[in-house]
Amino acid sequence: MAALIEVKHLVKKYGDVVAVDDVSFSIDQGSCFGLLGPNGAGKTTTIEVIEDVIPPTSGEIFYKGKPRGASFRDEVGIQFQNTALLNFLTVRETLATFQSLYPKTARIDELVELCRLSEFIDRYNDKISGGQRQRFLLALALINQPEVLFLDEPSTGLDPQARRNLWYLIEKIKTQGKTLILTTHYMEEAQHLCDEIAIMDYGKIIARGTPEDLIKRYSQNVTVILPKKCFKPFADDVSLSYREVKDTIEIMTDNVNACLDHLLNFKIDLSEISVRSPNLEAVFLNLTGRKLRE
Amino acid sequence: MNFRRFWAILKARNREFFRDRSAFGWNFLFPFLIVAGFGIIFGGKTYTQYKIGVFPYTQGAVKADKIKIPDQFRNIRYLKFIGFSTAEEGLEKLKYHKIDFLIEIGDPPYEYWVSDASPKGYVVEQMFKSSLIPPQTKSQAKREQIQGNSIRYIDWLFPGILAMNMMFSALWGVGYVVVRYRKNGALKRLKVTPLNAFEYLTAQALSRIFLLMFTLVVVWTGCDLIFSFTVEGSYLDLFLVFFLGSLSLTALGLILASRGTSEEFTTGILNFISWPMMFLSEVWFSLEGAPRWVQNAAQIFPLTHILSAVRRIMHDGAGLLDVGLEIVILSVMTLAFLGVGASLFSWNK
C-alpha cells in the first residue's frame, strides 16, 4: 500500500520546550492511524503541523509523495479538539457556509443522515449538546468529501454512550475508503478504531505497530488483580512479583492457572479477584512505567 | 479572490450582526439617544450655563423677578438662580463649584462672592459688573447679524455624533470581533479551509461598511424628522464622504484585528485610539484656539478629516472638489491601514 502521508524528522520547539522531538512515520492510504499518548505528549502539535496549522521548527511533510500544495486544503477534513464557530448561525447554515468555501463538496442532506443531525439541524450551533456537537463537527470535517480526515481527540468529554455512537460513525466513514488520522488518550478507542498506532510520550514515538502487534510485543502477560487487604497478610510468603495500585495489588503472569493455584495454596480469598487481558493500557504502562491518564 | 468564498463569509457575518438583536438595536439607539439628549439640553428653555446662589432666601424655587438684584443681571439668559438661607450654606456650595457665583439679596452696594479657582465664576463676575454700568454709557458697540442661516449647535454637533458612532462601530465591530474569533479558535477552523486572509478580511470590512452606511441612513432620517437639519450641499456628496470615512475607519479596525488574542488588551488599545480621536477630532467642541501641537496631532485621525469635510458640505454647501484634500487624505489613510493590517494578519494565536 502506498504511503499517503510521510512525516520525516519532525521537530517542533516552543522556546526551550521541545514539543515534538524528531518524529518520523508514514500513513498508508485508506488506513486509520492513531496517535496515542497522555496529555502533553505532543500528539496535537504533531497533528497540527501535518494539517499545516502551525509550521514545524524542522522536518518535512509529504502528501502523496510531494510537499503539501494548494490542493492539500481542498482534500483534507479536520476536526480540532476545541473549535468555536461563527455565532448566530444554525447548524445547517454553518454547513452551507463551509460548503461554499470548497470546490468539491458533499451534499448536506447526506451528511445530516450520516451524522444524525436532523434533530438539531436548525438550532444555533452553540445551543447543542456535547455529543451533538462532536457529530456536527465531524459532518463539518466531511463537507468537502476529504480524502484524509484528521480527528483530534474526537471523543474527549463525551459520555460512554455518545462515545460509542461516535465510534460507530467513524467506522462507517472508514468503510468509505477515507484515510483517518486520530489522536486519543483512550486506549479502548485506539484499539477499537485504529489499524496502526504510534504511542507518543514526551514528544517522541516510543512504539509503533498494529494494536495486536504492540500487545504481543510489549504486554504478553495477563494481570491478576486482588484487593490489598486480602493479599497483604501473605505477601512475604507468596513468592510472586506484584505492584501496588491504590487499594489493589496487580500480579503480572504469563500462566494464569499456575498463578491462581499458587494463590489458593496460601488460602488467599479470591472472591474479589479480577483478571485483565493484555491491552494497550498495559503496553503503555510497560513502556513508560506510567499510567496513560496520570 | 474567490467571490463565492468571500460572499459566504460576508453573509455569515451579516447574519451574525442582524440576529444579535441587542447589539443591532443599540447600534441605532445609541446615536439617536445622544442626539435627542443634546436636542433637549440645547433646544429648550431649561438649559442653564451658570448657577447663581442668592441669600437669604427660604421659599423653595427662586423667582428671579421677586428678588432684589440688578435688573440687567436678572435678565441675562442662561443664568439659573438658587436660593440659600444663609451665606455659609451658599459659600459651602461655592467652594465645591456646585454654584459659580453667590450674591446677597438687597439694595446697592451689592456684596458678592466668587471662587478664584473657577473660570465660570470669573465670567459671571464680569457679567455682574457690566450689569451695574448705566445703559447710556454702553453704546460703544453695535450688534451685527451673522450672514446666512445661523447654524444651531445641534446642526454642528449632529454629524460629529454620527461619525463618532461610526468610529466606535468600525473599530470594535472589526477589531474586537476578529480578536475574539482568534482567541476562541474560530479563525483556526477557517484557516484550514481554502479561504484566504484577503477574502476573509474583505468580507469582514465590507459587512461592517454596509452596516455603518445602513445605520447612518436610518439614524440620519430619524433625527432629521425631529430636528430638521439644514444641508446646504448635496446629500450624495455627504454620503460619499461618510462612505470613504467608514472605509478608512474599518481599515483602521483591521489593523487592530490583525494580531492578538487578548480581548482585554485589545479593549485597552481600542480605548487608547478611540478616546483621543473622539476628543481631538472636533466631535464635541472646536479646537479653534487650542495649542498648535494639539491641532496638528488631531490631523492623524481619520475622524478629523471626515468631520471637516462633512461639516463643510453640510453647513457651507461645499462640493466634492472643495473637500478634495480631505478625500485624498482619507483615501491614502485607507490604503495605508489596509496594507498594514493585511501584512500583519495572523489566523493563529
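In this predicted model, helix H6 of chain B (residues 153-184) packs against helix H10 of chain B (residues 263-280), with the two axes 10 Å apart and at an angle of about 165°. Because angles over 145 degrees count as roughly antiparallel, H6(B) is described as roughly antiparallel to H10(B). The crossing of these two helices is right-handed.

Helix H5 of chain A (residues 130-141) and helix H6 of chain A (residues 160-174) pack with their axes 10 Å apart, at an angle of about 15°. Since angles under 35 degrees count as roughly parallel, H5(A) is roughly parallel to H6(A). Here, too, the crossing is right-handed. H5(A) brings A:Gly130, A:Gly131, A:Gln134, A:Arg135 and A:Leu138 to the contact, while H6(A) brings A:Ala162, A:Asn165, A:Leu166 and A:Leu169. The classes in this contact are four nonpolar, four polar and one charged.

The next topic is the division of each chain into domains. In chain A, the assignment gives domain 1 (3-217) and domain 2 (221-277), and the C-alpha centres of these two domains lie 40 Å apart. For chain B, domain 1 is made of two stretches, 3-42 and 149-344, and domain 2 covers 50-134. The centres of the two domains of chain B, taken over C-alpha atoms, are separated by 45 Å.

The two chains also touch each other. Chain A gives 20 residues to this contact and chain B gives 19 residues. On the chain A side, the elements that supply two or more residues are helix H2 (72-75) and helix H3 (91-99). That side of chain A is made up of twelve nonpolar, five polar and three charged residues.

Finally, a word on confidence. Chain A has a mean pLDDT of 89, and 98% of its residues reach 70 or more. Within chain A, confidence is highest in H3(A), at 96, and H3(A) is one of the helices on the side that touches chain B. Confidence is lowest in helix H11 of chain A (residues 280-288), where the mean is 78.

Key
Residues numbered from 1 in each chain as written. Chains lettered and ligands numbered in written order. Predicted model: local features only at pLDDT ≥ 70, side-chain atom pairs only at ≥ 80, totals over all residues. Contact = placed C-beta atoms within 7 Å. Helix = DSSP H or I, 4+ residues; strand = E, 2+ residues; numbered from the N terminus. Nonpolar A, V, L, I, M, F, W, Y, C, P; charged D, E, K, R; others polar. Axes fitted to C-alpha atoms, helices over the stretch in contact; angles between N-to-C directions. Parallel < 35°, antiparallel > 145°, perpendicular 65-115°, else oblique. Left-handed = near helix turned anticlockwise from the far one by under 90°. pLDDT = per-residue confidence, 0-100. Domains from an automatic or database assignment.
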